Amino acid sequence: MTKSNSTSRPWLVITYAANKLEVERDEVLFLSSNPWDIAGAKNYGFSTVWVNRHHQVPDHLELTPNRVIHDLTNLVK
């Protein structure tokens with residue numbers, strides 16, 4: 001895999017949901033346990049939930065999640 005392919009793959013994953021489902025960006029709820037994935041998805045226009053299972057201190061990123069939960073059972077609350 002070339003460097004250009006490896007750096008573009010996260011964007012392919014992030015954009016896949018909206019493109020495949022033919023929905024607007026703000027209609028997608030993106031969940032991840034990785035703060036950098038959350039920042040990328042938020043930058044793209046998705047609503048985001050950071051699943052912070054281990055109660056980590058978040059990286060200092062300008063784009064913060066819409067919500068932080070500690071396990072998936074908190075998603076429905």
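Which strands does α2 lie across, and at about what angle does α2 run to β2? The helix α2 lies across β1 and β2, and its direction is at about 175° to that of β2. Axes here are lines fitted to C-alpha atoms, for helices over the stretch in contact, and angles run from 0 to 180 degrees between N-to-C directions. The views below come from a predicted model, in which local features need pLDDT of at least 70, side-chain atom pairs count only at pLDDT 80 or more, and totals for chains, interfaces and linings use all residues. Residues are numbered from 1 along each chain as its sequence is written, and side-chain values use heavy atoms, with hydrogens and water left out.

**Figure 1. Overview of the protein chain.** The secondary structure consists of two helices and three strands, arranged from the N terminus as α-β-α-β-β. Helices (H or I, at least four residues) and strands (E, at least two) are DSSP runs, numbered from the N terminus. Of the 77 residues, 26% count as buried; buried means under 20% relative accessible area, exposed over 50%, and partly exposed in between (1.4 Å probe, protein chains only). The protein chain exposes about 5700 Å², of which carbon and sulfur atoms supply 54%. Accessible areas come from the Shrake-Rupley method with a 1.4 Å probe, and for residues only the protein chains shown count as cover. Among contacts (heavy atoms within 4.5 Å) between residues at least 6 apart in sequence, 22% join residues at least 24 apart.

**Figure 2. The three-stranded open sheet.** The strand order is β1-β2-β3, with parallel pairing. β1 and β3 are the edge strands, each pairing on one side only. On average, neighbouring strands of this sheet are turned by 25° against each other, direction ignored. Two strands pair if DSSP finds at least two bridges between them. β1 and β2 run parallel and are joined by four bridges; in this pairing, L29 has S47 in β2 as its bridge partner. Three bridges join β2 to β3 (residues 67–69), again in parallel, and W50 stands opposite V68 in β3.

**Figure 3. The β-α-β unit.** β1, α2 and β2 form a right-handed β-α-β unit. A crossover is right-handed if, with the strands pointing away from the viewer, the path from the first strand over the helix to the second runs clockwise.

**Figure 4. The largest nonpolar core.** A nonpolar core is a set of buried Ala, Val, Leu, Ile, Met, Phe, Trp, Tyr and Cys residues joined through side-chain atoms within 4.5 Å. The largest one has nine residues: I14, A18, V28, F30, I38, A41, Y44, F46 and W50. Two elements, α1 (3–21) and α2 (35–44), each give two or more residues to this core, and α2 gives the most, with three. In soluble globular proteins, nonpolar side chains tend to be buried together. Leaving aside residues up to four places away in sequence, V28 touches A18, V23, F46 and S47.

Figure 5. T48 belongs to strand β2 (residues 47–51), a mostly covered strand in which four of the five residues are buried. T48 itself is buried, with a relative accessible area of 0%. Beyond residues up to four places away in sequence, T48 touches L29, F30, I38, A41, K42, T64, P65, N66 and R67.

Figure 6. L31 lies in strand β1 (residues 29–32) and is partly exposed, with a relative accessible area of 33%. Its contacts, not counting residues up to four places away in sequence, are with V49, V51, L72 and L75. L31 and R67 are separated by 36 residues in sequence and by 9.6 Å in space, C-alpha to C-alpha.

**Figure 7. Two loop residues with positive phi.** Most residues other than glycine have a negative phi. E22, although not a glycine, has a positive phi of about 55°. E22 is found in the loop between α1 and β1 and is exposed, with a relative accessible area of 72%. H55, likewise not a glycine, has a positive phi of about 55°. H55 is placed in the loop between β2 and β3 and is exposed, at a relative accessible area of 55%.
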